[in-house]
Each structure stands twice: as structure tokens, then as C-alpha cells.
Amino acid sequence: STKMILDLDTGVDDALALALAICDPRVDLIGVIASYGNTLVETSAQNTLNLLHLLGENDVPVYLGESHSSTTDHFDVMPISKAIHGEHGVGNLSLATATRKIEQTSGIQFLIDMAHKYQDELIYVPTGPLTNMAKALKIDPEISHLIGNTTLMGGALTVPGNVTPFTEANINQDPEAADLVFTTQENLTMVGLDVTLRTLLTKKDTQQWRELGTQAGTAYADLMDFYIEAYDRLDIDHRGAALHDPLAVAVAIDPSYVVTIPLNMRVTYDKDTKDYGRTIGDRERLLEPTTTNVAVSVNAKRFVRDFMDFMIAVL
Ligand code: BDR
Ligand code: CA
């Protein structure tokens, strides 16, 4: 079956993406790379290990990625990230600590090695900043055409961003890295706010997880309820909370959930422009063969239904 690598800044919706990737039999999750973003990179890695333990999945290795963006030497978690994902990324839950440890190899090296090993068979799904991928591309530019497909959660083409009107959170963390990825990597799918803001989960849904009466069901319901309450409290959306990262996993496995347009993309990273961090069509490459499919609409009903079925099976 297809091999999948996740690159998570775990994170509530990253935790959902992880659960989905584990239980879909069409893919074999061969490893998770941790990124800074919703939390510090070490916290993100530990959250992932703890969640894997909670889900009874003790074989998937977890690797450390970069601890800060490619243009800075330090990273502080943004207050807004803490408000949405909790102080440590998992909705202020105290998950049991996994006994397993983070791998010694770096996440960047792991990605490069797996790109060479599996090539077309490999799907890479980053749902945090694109710093890890950009670094891997700088070290080994060959991976740009080796990896079968990269489906990323990030950016916004047809709707405003969620950090500023122009920028989405993952891209905003490291626009320069994102630009390198969009302008050099082949076979990209962009699952941005255009589609993820249309896939919402409510407390009625999480109640079904709670009613399973399992440890994982209760933990995931608590986790998601924190995130749904944050959406409400922060006036982001009162109808439910967005399934950003799990939608990227679902689209990576079954692209028919979304409608895409082929477009070569770039990212504005000049700090002095008001559209800093914007994902936009690359005018210079308008006539060149396209490398990115940008998702612009989604069958939200079908996705949420399938997502719920998978979650109930894994929890
Ligand atoms: C993205 O930003 C992160 O906070 C979420 O986990 C998601 O990947 C949404 O803009
Ligand atoms: Ca994320």
C-alpha cells in the first residue's frame, strides 16, 4: 500500500489527522516528523508519541524536525495558538506519557531517505509550517521530483487568511520556506482555508466519540471540545470548528473529496508588504507546466461523514 509520512505541529487538528492516517487501510503510516508551530517542536513530538500510545499504535516512529523558521533562530508559541490548541497543543489535556522515545535520526534526514526509498509510492502530508520540507529540499534537491505526492495543509487562494487577511497560519510561520516548496517541489496539492473552513465539526459529533466509552474516545472528545469552544469564544466560527489537517490527509488518500485548479503558486515573503505570507499564482510561471493543484471546493458532507466513520472505528 501507499506509504505516508505526516509532518505535524501537534495541535488539536493535527491530532485528528494522525488518527485518520492510522486507521485508513489504504495507507501505511511509516513515520511522523514533528514541527514547531502550534507548540514547540519537542512538545509536538511528545504529543504525537502520547497520542499514538493512546490510540494503541506503538510502531510508528516519531522524528524531530526544525525548532524555528528558516529565517529566525528562535521560536515562541503565539498566544493565539495557545488560545486555540491549549498551552501545550493538546487542549490542556494531560495525556499519559508514552514510554517510547523520539528517534535519533533527524526528521529531515528521514524524509530524504524515504523519498529515495519509496519514490512514487510516498505521500508526504505536512500540516504545519513548511520549514522541514524546505530544509530537506535545500540539502537534497532531487527529492523535488522523487516524492510521489505532497498534500499540504496551508495557504488560502480564494478566501482571506486566518492570521491576517492575506496569510494563513502555517504559511505565516515561514513564508520563505513555503515559497521554496511551492516553486521547486513537483506534484503538490494545496489544501488551504478555501476548503478547510467549510468542513466543520460540532459538539454533537464529538458526543458520539464520548459515548463510545473508551479512553481514546473520551480524550479525543475533550481535545476537540476545547478547540470547538475556542472557535466560539474567539469568534472564529460559532457553527463548529474546522477540520483543517484531517482534510489534508483525506485528500492525500482520495483527491475526489475536492475540486482543484492547476496553478503554479508562490508566496510573498517581503516583510514590508501588507500581503506578507500570501499564497498566490506565480505570474512568472503562468505558462509553465503546473506543479500544484489548489483545492477550491470540497464535498464537505461526504468528508465529514467518512471522517466520523473512521474516527468511530479507531476510537
Ligand atoms: C493550520 O494552522 C494550525 O494552527 C492548524 O493546526 C492548521 O494546520 C490552520 O491554519
Ligand atoms: Ca497543524
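This is a predicted model: local features need pLDDT of at least 70, side-chain atom pairs count only at pLDDT 80 or more; totals for chains, interfaces and linings use all residues.
Eight strands make up an open, mixed sheet, and their order across it is S3-S2-S1-S4-S5-S6-S12-S9. At the edges stand S3, residues 62-64, and S9, residues 258-262, and since each has a single partner strand, one side of each is left without a neighbour in the sheet. Direction ignored, neighbouring strands in this sheet are turned against each other by 25° on average. To take one pairing in detail, S6, residues 188-191, and S12, residues 292-298, run parallel and are joined by three bridges, and within that pairing Leu-188 stands opposite Thr-292 of S12. Helix H4, residues 107-118, lies across S1, S2, S3 and S4, and runs at about 155° to S2.

Now to the helix packing. Two packed helices are described by the angle between their axes and by the distance between those axes. For H1, residues 12-23, and H13, residues 300-314, the angle is about 80° and the axes are 9 Å apart, and the two helices are therefore roughly perpendicular to each other. On the H1 side the contact is made by Ala-19, Leu-20, Ile-22 and Cys-23, and on the H13 side by Phe-307, Phe-310, Met-311, Ala-313 and Val-314. What classes do the residues of the contact of H1 with H13 divide into? There are nine nonpolar residues, with no polar and no charged ones.

Leaving aside residues up to four places away in sequence, Leu-16 touches Leu-243, Asp-245 and Pro-246. Its C-alpha atom is separated by 8.2 Å from that of Tyr-220, a residue 204 places away along the chain.

That brings us to ligand 1. The residues that surround ligand 1 include Gly-11, Asp-13, Asp-14, Asn-38, Thr-127, His-244 and Asp-245, and the shell as a whole has two nonpolar, six polar and four charged residues. Which helices each supply at least two residues of this shell? They are H1, H7, which covers 169-173, and H12, which covers 244-253. H12 is largely enclosed by the rest of the structure, because nine of its 10 residues are buried, and among those buried residues are His-244 and Asp-245, both of which also belong to the shell around ligand 1.

I will finish with the backbone. Most residues other than glycine have a negative phi, and most peptide bonds are trans. Against that background, the peptide bond between Thr-10 and Gly-11 is cis, with omega about -15°, and Gly-11, one of the residues around ligand 1, sits in the loop between S1 and H1. Asn-187 has a positive phi, near 50°, and is found in the loop between H8 and S6. Phi is positive at Asp-235 too, near 65°, and this residue is placed in the loop between H11 and S8. Is each of these two residues exposed or partly exposed? Asn-187, with 18 C-beta neighbours inside 10 Å, counts as partly exposed, whereas Asp-235, with 7 such neighbours, counts as exposed.

Notes
Residues are numbered from 1 along each chain as its sequence is written. Chains are lettered from A and ligands numbered from 1 in the order in which they are written. Axes are lines fitted to C-alpha atoms, for helices over the stretch in contact, and angles run from 0 to 180 degrees between N-to-C directions. Helices (H or I, at least four residues) and strands (E, at least two) are DSSP runs, numbered from the N terminus. Angles under 35 degrees count as roughly parallel, over 145 as roughly antiparallel, 65 to 115 as roughly perpendicular and the rest as oblique. Two residues are in contact if their C-beta atoms, placed from the backbone, lie within 7 Å. Ala, Val, Leu, Ile, Met, Phe, Trp, Tyr, Cys and Pro count as nonpolar, Asp, Glu, Lys and Arg as charged, and the others, Gly among them, as polar. A residue is near a molecule or strand if its C-beta atom, placed from the backbone, lies within 6 Å of it. Two strands pair if DSSP finds at least two bridges between them. A residue is buried if 20 or more other C-beta atoms lie within 10 Å of its own, exposed if 12 or fewer, and partly exposed in between; C-beta atoms are placed from the backbone.
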